Structures are given as structure tokens and as C-alpha cells.
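This briefing goes through one protein chain by topic, starting from a single residue and its contacts. Please read it alongside the sequence and the coordinates.

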Amino acid sequence: MGLQFSTSFALPVPNERFIGWINDKEHGEQALDQHGNQRHNAWVIDATKVIELKDYPEGTCLYLRAEPLHPGAKVSLFDVDGHRVTAFLTNAPRYNVAFLDARHRARARCENRIKTLKNAGLGKLPFKAFAANQLWANLAVLAVNLVS
């Protein structure tokens with residue numbers, strides 16, 4: 001069995017027809033939260049047949065996720081009808097589109113936390129002594145917790 005991947009995908013500039021297709025909720029499945037519960041007014045759509053994928057491994061699929069903008073979110077050109085549209089690529093078998101989306105978002109949160117920890121100093125261990133670097137790592141984790 002081969003390796004599976006799931007990665008974020010930069011959407012091409014949408015056109016009017018594409019935006020209408022995203023807003024037509026009958027083509028998508030209700031999105032799930034991390035506990036498997038349906039998300040209100042959020043859905044996931046298989047866009048592989050609409051957006052052509054060139055030079056990607058066989059079996060790669062493109063999924064779009066639309067959800068209401070979070071409070072305080074800055075509106076962008078790609079937000080559609082009060083919804084943020086994001087995309088991800090995966091070669092995982094299509095068990096359930098909503099499950100694949102929830103799994104992708106959970107991993108993205110983990111990657112974001114790792115990036116934050118590295119930026120807080122965990123990626124820059126400055127000492128040769130283990131104990132000093134251990135203290136440095138503890139301070140980096142403390143800093144991230146305080147900011148959170």
C-alpha cells in the first residue's frame with residue numbers, strides 16, 4: 001500500500017460560474033467537527049471534476065470547504081457569500097468527504113502549533129549543554145501557552 005497525503009491547495013482565481021457552483025450546497029456534504037458532529041452551514045465539495053489537476057499523482061482529488069467567516073476574520077477577495085472557501089488535495093480513498101476534511105484540518109492545526117513553537121524559540125536551541133537547551137525548550141512552551 002502506498003503513502004497517503006493531504007495538503008492545502010491554493011485556489012485559482014474563481015470566476016462567476018465557479019462561485020455559483022460552490023454556493024450550490026446540493027453538490028456538497030455537510031462538514032464535520034473534530035468530534036464527528038455536523039457543522040452548521042459548512043460543507044465540503046469534491047471539485048476534482050471541475051478544476052483540472054495536471055501533474056499530480058494518480059488518484060489525487062481536490063476538495064473545497066466552505067464555512068461562515070469566523071468573528072473578526074478579514075474578508076478576502078475569495079470569500080463567497082459570507083463564507084471562507086479553502087481547498088486541500090489528497091490521494092486518500094474517498095471514505096467520506098467530510099471525514100477527509102476533518103482529518104486534514106486536525107493535522108493542519110498540529111502543523112500550525114509546531115510552527116508557533118519553532119517561532120517561539122524551540123527551533124533555535126542555542127546551547128551545547130542539554131540542561132540549558134531543556135530550560136530553553138520549557139521557556140518556549142511557556143511563552144506559547146501564555147500567548148494562547
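**Asn-133 and the model as a whole**

Asn-133 is in contact with Leu-125, Pro-126, Phe-127 and Lys-128, leaving aside its neighbours within four places in sequence. The residue is found in helix 3, and at 14% relative accessibility it counts as buried, the cut-off being under 20%. The model is predicted. Its protein chain has three helices and five strands, which follow one another from the N terminus as β-α-β-β-β-β-α-α.

**Overall fold**

- Of the 148 residues of the protein chain, 28% count as buried.
- Among contacts with a separation of 6 or more, 52% join residues 24 or more positions apart.

**Helix 3**

- Helix 3 covers residues 130-147, which makes 18 residues.
- From first C-alpha to last, helix 3 reaches 26 Å, close to the 26 Å expected at 1.5 Å a residue.
- Its buried residues are Asn-133, Ala-137, Ala-140 and Val-144.
- Seen down the axis of helix 3, these buried residues fall within an arc of 60 degrees, so they line one face of the helix.
- The face of helix 3 turned away from the buried side carries the exposed residues Ala-131, Leu-135, Asn-145 and Leu-146.
- The packing partner of the buried residues of helix 3 is helix 2 (97-122).

**Helix 2**

- Helix 2 has 26 residues, and the distance from its first C-alpha to its last is 35 Å, close to the 38 Å expected at 1.5 Å a residue.
- The buried residues of helix 2 are Val-97, Ala-98, Leu-100, Asp-101, Ala-102, His-104, Arg-105 and Gly-121.
- These buried residues pack against strand 1, strand 2 (29-32), strand 3 (38-46), strand 4 and strand 5, and also against helix 3.
- His-104 lies in helix 2 and counts as buried at 10% relative accessibility, because the limit for buried is under 20%.
- His-104 touches Ser-6, Thr-7, Ser-8 and Phe-88, not counting residues up to four places away in sequence.
- One of these partners, Phe-88, is 16 residues from His-104 in sequence and 7.8 Å from it in space, C-alpha to C-alpha.

**Largest pocket**

- The largest pocket has a volume of about 300 Å³.
- Of the 16 residues that line the largest pocket, Arg-65, Glu-67, Thr-86, Arg-105 and Ala-108 are the closest to its centre.
- Strand 4 (61-68), strand 5 (83-90) and helix 2 are the elements that give two or more residues to this lining.
- Helix 2 gives the most to the lining, with five residues.
- By residue class, the lining of the largest pocket divides into six nonpolar, four polar and six charged.
- Arg-105 is among the residues closest to the pocket centre and is also listed with the buried residues of helix 2.

**Strand 5 and Ala-87**

- Ala-87 is found in strand 5 and is buried, with a relative accessible area of 7%.
- Not counting residues up to four places away in sequence, Ala-87 touches Ser-8, Phe-9, Leu-11, Leu-62, Tyr-63 and Leu-64.
- Ala-87 and Asp-46 are 41 residues apart along the chain, and their C-alpha atoms are separated by 9.8 Å.

**Phe-5, before strand 1**

- Phe-5 is found in the segment before strand 1 (6-8).
- Phe-5 has a relative accessible area of 27% and is therefore partly exposed, a class that sits between under 20% for buried and over 50% for exposed.
- Beyond residues up to four places away in sequence, Phe-5 touches Pro-57, Thr-60, Leu-89, Thr-90, Asn-91 and Ala-92.
- Ala-92 is 87 residues from Phe-5 along the chain, and the C-alpha atoms of the two are separated by 6.9 Å.

**Loop between strand 3 and strand 4**

- Asp-55 lies in the loop between strand 3 and strand 4.
- Phi of Asp-55 is near 60 degrees, a positive value in a residue other than glycine.
- Asp-55 counts as exposed, at 82% relative accessibility.

Notes
Residues are numbered from 1 along each chain as its sequence is written. This is a predicted model: local features need pLDDT of at least 70, side-chain atom pairs count only at pLDDT 80 or more; totals for chains, interfaces and linings use all residues. Side-chain values use heavy atoms; hydrogens and water are left out. Helices (H or I, at least four residues) and strands (E, at least two) are DSSP runs, numbered from the N terminus. The expected span of a helix is 1.5 Å times one less than its number of residues. Buried means under 20% relative accessible area, exposed over 50%, partly exposed in between (1.4 Å probe, protein chains only). The arc is that of the directions from the helix axis to the C-beta atoms. Contact means heavy atoms within 4.5 Å. On a 1 Å grid over the protein atoms alone, a cavity is a set of points where a 1.4 Å probe fits but cannot get out, and a pocket is an open set with protein on both sides within 12 Å along at least five of seven lines; lining residues have an atom within 4 Å of a point. Grid points are joined across faces, edges and corners, and a volume is the space filled by probe spheres set on the points. Ala, Val, Leu, Ile, Met, Phe, Trp, Tyr, Cys and Pro count as nonpolar, Asp, Glu, Lys and Arg as charged, and the others, Gly among them, as polar.
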